[in-house]
Amino acid sequence: MKLDAVKITDAVLGYSHDFFRKRGFIELVPVMLSVTTDPLGPDPGSSVIKTPEIEYLGQRLVTMQSMILHKQIALKKGLERIVIFSPNIRLENPKRRETGKHLFEFMQIDFEIAHARMGDVMDLVEDYIMGLVPFISEYYGDILRKYGRTLPKIEKPFPVFTVKELEEQYGKDWEIEKSKEMKQPFWVISHKREFYDKEDPERPGTYLNYDLIYPEGFGEGLSGAEREWDYERILKRLERDAQEGLDIEKYKPYLELAKEGLVPSAGGGIGVERLVRWLIGAKHVGDVQLFERIPGKPVEF
């Protein structure tokens with residue numbers, strides 16, 4: 001069954017390359033090491049226990065957890081629509097092994113659009129999912145049948161909920177409970193997350209970000225946002241996050257570039273393995289990897 005999952009992954013990657021190229025995106029080569037990376041905090045959903053570091057020629061470099069900061073810099077340099085098939089390393093707490101959806105090494109289809117808004121990204125992703133599902137059903141139906149899987153007919157627009165209303169209904173663990181109820185993918189908006197996710201200047205405490213949640217209990221598959229681009233607002237958010245333990249010193253190179261001026265943008269990252277897991281109905285996201293990278297499970301090769 002592993003090889004069948006690999007074939008679906010290959011199909012998803014091929015479809016994705018075509019989809020983004022047809023919509024005018026330029027593909028960037030992923031960055032693996034940098035002076036800084038996405039802090040993944042103070043997002044309460046993060047459980048990364050360590051960011052790997054190396055020393056190279058006297059310089060401290062970290063492995064990439066997400067290319068969000070690099071995407072902003074790429075747009076600053078003049079690109080307008082970019083996509084990166086980006087490997088990420090996130091050393092998750094071993095307890096995450098039990099969720100069925102966490103890996104410590106995985107790939108994201110990471111994209112960003114200059115001057116875009118939240119609605120633009122939602123519309124793009126809904127078109128992506130609405131094209132991908134029938135494509136997989138038509139050309140890979142034999143594999144889906146092996147998994148006993150029939151994919152739903154997808155309709156847009158996807159339902160939209162706020163974090164606040166779901167917490168009021170289900171409590172802090174709303175994601176999987178709501179996912180189990182739904183038969184279609186849906187959006188959840190306004191998460192309190194990292195400094196680069198834009199806070200609505202007219203409504204403090206409301207965030208212009210979004211997660212795409214797969215139905216049937218498969219959970220979150222994409223995270224994204226409109227981006228903070230104003231230097232003073234970024235600095236204010238970083239100083240606030242520092243009170244929760246974020247080391248601002250690590251973001252000095254980014255702040256220097258932000259001071260010169262960033263471009264307003266919006267984007268997101270689609271987890272490839274989570275997407276394939278949903279498509280084939282796999283029990284664990286590690287089941288779609290030929291070389292498993294499951295938190296708490298020793299690496300065999």
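Me: How many bridges join β11 to strand β12?

Reply: Six bridges join them, and the two strands run antiparallel. Strands pair if DSSP finds at least two bridges between them. Helices (H or I, at least four residues) and strands (E, at least two) are DSSP runs, numbered from the N terminus. Before we go on: this is a predicted model, where local features need pLDDT of at least 70, side-chain atom pairs count only at pLDDT 80 or more, and totals for chains, interfaces and linings use all residues. Residues are numbered from 1 along each chain as its sequence is written, and side-chain values use heavy atoms, with hydrogens and water left out.

Me: Okay. Which residue of β12 is the bridge partner of Asp211?

Reply: Ser223. Asp211 in β11 also has Val188 standing opposite. Strand β10 (residues 186-189) is joined to β11 by four bridges, again antiparallel.

Me: Is β11 buried or exposed?

Reply: Six of the six residues of β11 (residues 209-214) are buried, so the strand is largely enclosed by the rest of the structure. Buried means under 20% relative accessible area, exposed over 50%, partly exposed in between (1.4 Å probe, protein chains only).

Me: Which residues are on which side?

Reply: Asn209, Asp211 and Ile213 are on one side, and Tyr210, Leu212 and Tyr214 on the other. In a regular strand the side chains alternate between the two faces of the sheet.

Me: What about the hairpin of β11 and β12?

Reply: Four residues sit between the strands. Glu216 takes a positive phi near 65 degrees there.

Me: What does Ser179 touch?

Reply: Its contacts (heavy atoms within 4.5 Å) include Ile213, Tyr214, Pro215 and Glu216, not counting residues up to four places away in sequence. Ser179 lies in helix α6 (residues 174-181). Ser179 is buried, with a relative accessible area of 0%.

Me: New topic. What distance separates the end C-alpha atoms of helix α3?

Reply: They are 32 Å apart. The expected span is 1.5 Å times one less than the number of residues.

Me: What share of the residues count as buried?

Reply: 52% of the 301 residues.
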